[in-house]
Structures are given as C-alpha cells and as structure tokens.
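Subject: Model for your review

Hello,

Please find the structure below. My notes on it come after.

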Amino acid sequence: MSDRYAVIGNPIGFSKSPLIHGTFARMTGQDLVYEAIEAPLGGFSERVDQFRTEGAKGLNITAPFKLDAFAYANELSESADRAGAVNCLKFDGDRIIGENFDGIGLVRDITVNLGVKMAGQRVLMLGAGGAARGALLPFLRQEPSELVLVNRTLSKAVALAEEFAGCGPLIVSGYAELADLAEGYDVVVNATSASLRGEMPPLPGNVFRGAKLAYELAYGKGLTPFLQAARAEGVAKLADGVGMLVEQAAEAFAWWRGVRPSTAQVIAELTVPLS
Ligand code: ATR
C-alpha cells in the first residue's frame with residue numbers, strides 16, 4: 001500500500017499542497033498518496049489521531065492549525081521550537097515530530113531562486129505575527145548586516161526581538177520612524193496580513209529606495225498594494241510567496257522521503273504573473 005500524507009487546514013479547498021506533492025512524487029518516483037483534510041475548528045487532534053490510526057506517515061499543516069500542531073507534537077525541531085508553530089509533522093511509531101519549514105523555504109526562495117543574497121545586507125521585515133516569527137531565525141542565520149523588524153503594534157515587535165536577542169543584529173522600529181533612517185534597505189519583506197485585505201502597511205515611500213528585492217509573503221494576489229508601492233519606487237525585483245510555498249513543500253518532502261525534488265517547474269506552473 002502507498003504511504004499516506006496530507007495537508008490539514010480549514011478551509012482547505014484552495015490548498016496547492018496536493019498538487020505540489022503529487023508532482024514531486026511523480027518527479028522522484030516515490031510511491032505515496034497525498035490528500036487534503038479539512039478538520040473542524042477545535043477538532044485538530046481528533047482528526048490527526050484518526051489519520052495516524054489509518055497508518056499515515058506525515059502531515060503538512062496550514063491555517064489555522066499551526067499552533068495546534070505545535071501542541072500535538074511530542075518532539076520539536078529547533079526551528080519549530082523557535083517559530084512557536086509547526087507546519088509539518090512526521091509520524092514514526094509513537095514519535096510525533098514537529099518541524100517548521102516556512103522560514104527556510106522563504107530564505108531558499110530569496111537566496112537561491114531569486115538570486116538575492118542576504119548575507120551582509122540590510123533587511124527590513126514588516127509584521128510581528130506568526131509569519132514574521134517563523135522567518136526571524138532563518139533570516140538571522142543568513143547574517144544580514146542588520147534586520148529591522150517593523151510593526152504597527154510596536155510592543156509585539158519588541159517582545160519578538162527580546163525572544164531572539166543574541167541571535168543576530170535585530171532592531172525594532174515603528175513605521176513612522178523608518179522615514180528617519182538614513183540608510184535604505186536591500187531586501188524588504190512584507191510578512192503582515194495586510195495584503196489579504198488589500199491594505200497597505202503605513203510605510204514611508206523612501207524605504208524602497210535602492211532596494212534589490214520586495215517580497216510579499218502572500219501568494220497569488222497579483223500586484224498587492226505593497227508590491228505596487230515597491231514598483232513605483234523602482235525596486236528591481238518583485239516576488240510573491242509562491243516560491244516560498246513550493247520550497248517549504250520540497251523541504252517537507254525531503255524530510256519525509258529522503259529525496260529532494262527540484263522546484264523550478266512547479267514554481268513556474270503555479271506562478272501568477274505580477275502585473
Ligand atoms: P500571520 O500568522 O499571518 O503573521 P497574525 O499573527 O495575525 O498573522 O499577524 C498579522 C500581522 O500583520 C501583524 O504583525 C499585524 O500587525 P499588528 O500586530 O499591529 O496587528 C500585521 N498587519 C495586519 N494588517 C496590517 C496593516 N493594515 N498594516 C500594518 N500591519 C498589519
């Protein structure tokens with residue numbers, strides 16, 4: 001019988017994970033089936049218990065269950081522990097191992113696929129929610145010269161920075177103060193949920209001056225207000241989160257199966273042009 005995997009979320013109808021993992025399995029000749037599971041809100045652990053009883057080998061976790069998955073795991077990787085969230089589980093007998101590949105997927109997309117280095121660069125990250133938290137350690141591991149974290153609610157950014165104190169050159173700022181910073185940024189990453197509602201974080205226009213890359217974590221939304229603003233300021237490269245989505249899936253696949261699929265073809269298939 002084929003090994004079973006799935007993505008779990010609510011809602012789950014729009015998830016690209018079955019398509020991505022199905023393609024990876026064909027490309028690498030791996031014998032597996034990959035499903036989409038919509039668990040009821042508040043019913044994560046019961047549904048996962050059932051899936052494990054059926055012999056499942058692993059799960060990808062999407063909104064709103066990444067914290068439930070964190071609580072469900074009985075072993076955590078460092079990245080999951082630091083992110084405070086789990087986006088991938090592996091089942092091995094009684095072991096329920098939690099991982100978080102979102103941040104590493106984002107870094108691979110920026111540095112490998114888009115060819116923009118982060119080492120020694122000035123990086124600006126917008127947001128201090130779950131998405132930003134997951135990216136902090138992988139970003140700092142790239143050894144940027146400075147990582148500035150900006151958030152509407154300053155106290156949340158301050159609390160995050162305290163947690164990651166000692167991991168690298170992390171600085172907190174409010175949006176208004178960004179205008180006063182003399183130097184520009186090489187990479188600007190929008191990890192807020194503003195674009196999901198067509199909103200624009202209150203960024204002073206000059207933050208994009210000289211930037212090599214503006215990256216929107218949301219995907220499939222076309223030119224969001226954030227990307228439009230970056231384009232208007234002449235940023236050379238614009239990207240949305242489709243590459244991150246596929247890269248985190250490739251990390252999960254490699255972790256489960258021991259084979260790393262190539263990602264370029266799947267990213268090309270899923271990319272919605274940014275215009
Ligand atoms: P996620 O898990 O996607 O990160 P979240 O934990 O709800 O979602 O966090 C959303 C982030 O987007 C927060 O940093 C939020 O800012 P606040 O902490 O001030 O609420 C940010 N955000 C959402 N809408 C925004 C907007 N219109 N402008 C600026 N920041 C916004």
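Predicted model: local features only at pLDDT ≥ 70, side-chain atom pairs only at ≥ 80, totals over all residues.

Residues are numbered from 1 along each chain as its sequence is written, and side-chain values use heavy atoms, without hydrogens and water.

Ligand site. There are 17 residues around the ligand, and Asn151, Arg152, Thr153, Lys156 and Glu199 come nearest (near: a heavy atom within 4 Å). The shell consists of six nonpolar, seven polar and four charged residues (Asp, Glu, Lys and Arg count as charged; Ala, Val, Leu, Ile, Met, Phe, Trp, Tyr, Cys and Pro as nonpolar; the others, Gly among them, as polar). The side chain of Thr153 has an N or O atom 2.6 Å from an oxygen atom of the ligand. For Lys156, a polar side-chain atom is 2.7 Å from a ligand oxygen atom. Asn151 likewise places a polar side-chain atom 2.7 Å from an oxygen atom of the ligand. The protein buries 74% of the 650 Å² that the ligand exposes when taken alone (Shrake-Rupley method, 1.4 Å probe).

Helix H5. This helix (a DSSP run of H or I, at least four residues, numbered from the N terminus) covers residues 102-113. Its buried residues are Asp102, Gly103, Gly105, Leu106, Val107, Asp109 and Ile110 (buried: under 20% relative accessible area, 1.4 Å probe, protein chains only). Their cover includes helices H3, H6 and H10. Just after H5, Gly115 has a positive phi of about 65°.

Regards

Methods
Polar contact = N/O pair within 3.5 Å; in protein donor to acceptor, adjacent residues only side chain to side chain. Helix = DSSP H or I, 4+ residues; strand = E, 2+ residues; numbered from the N terminus. Expected span 1.5 Å × (residues − 1). Buried < 20%, exposed > 50% of the residue type's maximum accessible area, 1.4 Å probe, protein only. Contact = heavy atoms within 4.5 Å.
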